[in-house]
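This report describes the arrangement of strands and helices in a single protein chain. The sequence and the structure are shown first, and the description follows.

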Amino acid sequence: MSILRYENVDISYNGNTVVKDINFKLDEGEILGIVGESGSGKTTVIKAAMNLLGKGGLVTRGDIWFKDMDIPDLSDKQMRKINGPEIGMIFQNSGSAFCPIRTVGDQLYEAMRAHEKISKEDFRIKATELFEKIGFNDVQIILKSYPFELSGGMQQRVGVAAAMLMNPKVLLADEPTSALDVSIQKLVIDEMLKVRELFGTSMIIVGHNIGVIGAMADNVIVMKDGQIIEYGAGDEVLNSPKEEYTKKLMSAVPRLKR
């Protein structure tokens with residue numbers, strides 16, 4: 001059963017159409033990967049699901065259905081009830097999303113208080129349980145730390161956990177591992193897969209890294225110039241692509257030989 005569905009979606013910035021005729025669905029518990037070169041419209045597509053297109057950004061045609069709600073038709077007040085508790089986001093650089101002069105715990109507590117009444121002690125218990133479930137040690141030290149006291153890899157891992165605090169049904173991730181070294185990438189991938197295993201969370205992962213997408217995605221979309229070029233099962237699209245552009249994209253992936 002689909003939880004998120006794009007139907008004939010066009011998106012423009014300042015009157016210029018940058019994404020055209022997007023159609024796909026995200027089923028419950030599915031991980032969908034979106035790949036393509038820079039400027040292909042990948043990030044724009046997922047930002048539209050949270051009405052985060054910014055100044056000048058607009059869905060000019062089509063529908064984005066979340067449950068029985070059409071996202072482009074919702075007001076800012078309605079979106080505040082959805083963003084966080086229903087749809088979460090992991091940004092490319094989670095560290096930049098934190099305020100540098102407040103502790104991680106204070107910021108996460110404030111975010112939860114914006115959506116539900118919860119005491120600081122109940123928040124601490126809930127955060128500790130979640131962080132430990134997905135593989136964190138020393139949770140209390142992390143919550144008491146300022147963002148600049150955490151490494152870039154730890155900031156990104158905390159970003160994953162923070163996005164899951166309110167147990168959203170859908171998790172959107174914009175290049176979640178691109179700034180990390182390989183060993184930390186593996187930790188982030190494992191934590192995101194564990195989130196799906198524990199909570200049945202549906203995810204859309206946007207990325208350049210074909211290895212990361214291949215390791216995570218059930219289905220894959222390939223985008224070019226704001227349009228979907230190929231869409232299908234992950235193994236089929238990445239290993240036996242039908243479209244010429246996808247073949248060129250796959251051939252550009254470095255291969256290590258003995």
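## Pairing around strand E7

In this predicted model, strands E6 and E7 run parallel and are joined by four bridges. Within this pairing, Met-89 stands opposite Leu-172 of E7. E7 also pairs with E8, again in the parallel sense, over five bridges; here Leu-171 has Met-203 of E8 opposite it.

How many of the five residues of E7 are buried? Five of the five are, and the strand is accordingly described as mostly covered. The cover extends to both faces of E7: Val-170, Leu-172 and Asp-174 are buried on one side, Leu-171 and Ala-173 on the other. In a regular strand, side chains alternate between the two faces of the sheet.

## The six-stranded sheet

E6, E7 and E8 belong to an open sheet of six strands, ordered E6-E7-E8-E3-E9-E10, in which the pairing is mixed. Its edges are formed by E6 (residues 87-90) and E10, each of which pairs on one side only. On average, neighbouring strands of the sheet are turned by 15 degrees against each other, direction ignored.

Further along the order, E3 and E9 are paired in the parallel sense through five bridges. Gly-36 has Met-223 in E9 as its bridge partner.

## Helices lying across the sheet

H7 lies across E3, E6, E7 (170-174) and E8 (202-207), and runs at about 160 degrees to E8. H10 lies across E3, E9 and E10, and its direction is at about 100 degrees to E9.

In H10 (residues 244-251), the buried residues are Tyr-245, Thr-246, Leu-249 and Met-250. Viewed down the axis of H10, these residues fall within an arc of 135 degrees, so they line one face of the helix. An α-helix has 3.6 residues a turn, so residues three or four places apart point the same way. The other side of H10 carries the exposed residues Lys-248 and Ser-251.

## Packing between helices

H6 (residues 152-163) packs with H7 (residues 182-199) at an angle of about 10 degrees, the two axes being 10 Å apart. With angles under 35 degrees counted as roughly parallel, H6 is therefore roughly parallel to H7. On the H6 side the contact is made by Gly-153, Arg-157 and Val-160, and on the H7 side by Ile-184, Leu-187, Val-188, Glu-191 and Met-192. By class, this contact has five nonpolar, one polar and two charged residues.

What is the crossing angle of the axes of H3 and H4? The axes of H3 (residues 104-113) and H4 (residues 120-133) cross at roughly 105 degrees and come within 11 Å. H3 and H4 are therefore roughly perpendicular to each other. In their contact, Gly-105, Asp-106, Leu-108, Tyr-109 and Met-112 of H3 meet Lys-120, Phe-123, Lys-126 and Phe-131 of H4. The class composition is five nonpolar, one polar and three charged residues.

Gly-39 is situated in the loop between E3 and H1 (42-48). Its relative accessibility is 76%, and because exposure is assigned over 50%, Gly-39 counts as exposed. The C-alpha atoms of Gly-39 and Asp-225 are 7.1 Å apart, although the two residues are separated by 186 residues along the chain.

Ser-12 is placed in E1 (residues 2-13). Leaving aside residues up to four places away in sequence, Ser-12 touches Thr-17, Val-18, Gly-56, Gly-57, Leu-58 and Thr-60.

Ile-64 is located in E4 (residues 57-66). With residues up to four places away in sequence again not counted, the residues that Ile-64 touches include Leu-4, Arg-5, Tyr-6 and Val-9, as well as Ala-48, Ala-49, Met-69 and Ile-71. The C-alpha atoms of Ile-64 and Asn-8, which are 56 residues apart along the chain, are separated by 8.9 Å.

Terms used:
Residues are numbered from 1 along each chain as its sequence is written. This is a predicted model: local features need pLDDT of at least 70, side-chain atom pairs count only at pLDDT 80 or more; totals for chains, interfaces and linings use all residues. Side-chain values use heavy atoms; hydrogens and water are left out. Buried means under 20% relative accessible area, exposed over 50%, partly exposed in between (1.4 Å probe, protein chains only). Helices (H or I, at least four residues) and strands (E, at least two) are DSSP runs, numbered from the N terminus. The arc is that of the directions from the helix axis to the C-beta atoms. Axes are lines fitted to C-alpha atoms, for helices over the stretch in contact, and angles run from 0 to 180 degrees between N-to-C directions. Angles under 35 degrees count as roughly parallel, over 145 as roughly antiparallel, 65 to 115 as roughly perpendicular and the rest as oblique. Contact means heavy atoms within 4.5 Å. Ala, Val, Leu, Ile, Met, Phe, Trp, Tyr, Cys and Pro count as nonpolar, Asp, Glu, Lys and Arg as charged, and the others, Gly among them, as polar. Two strands pair if DSSP finds at least two bridges between them.
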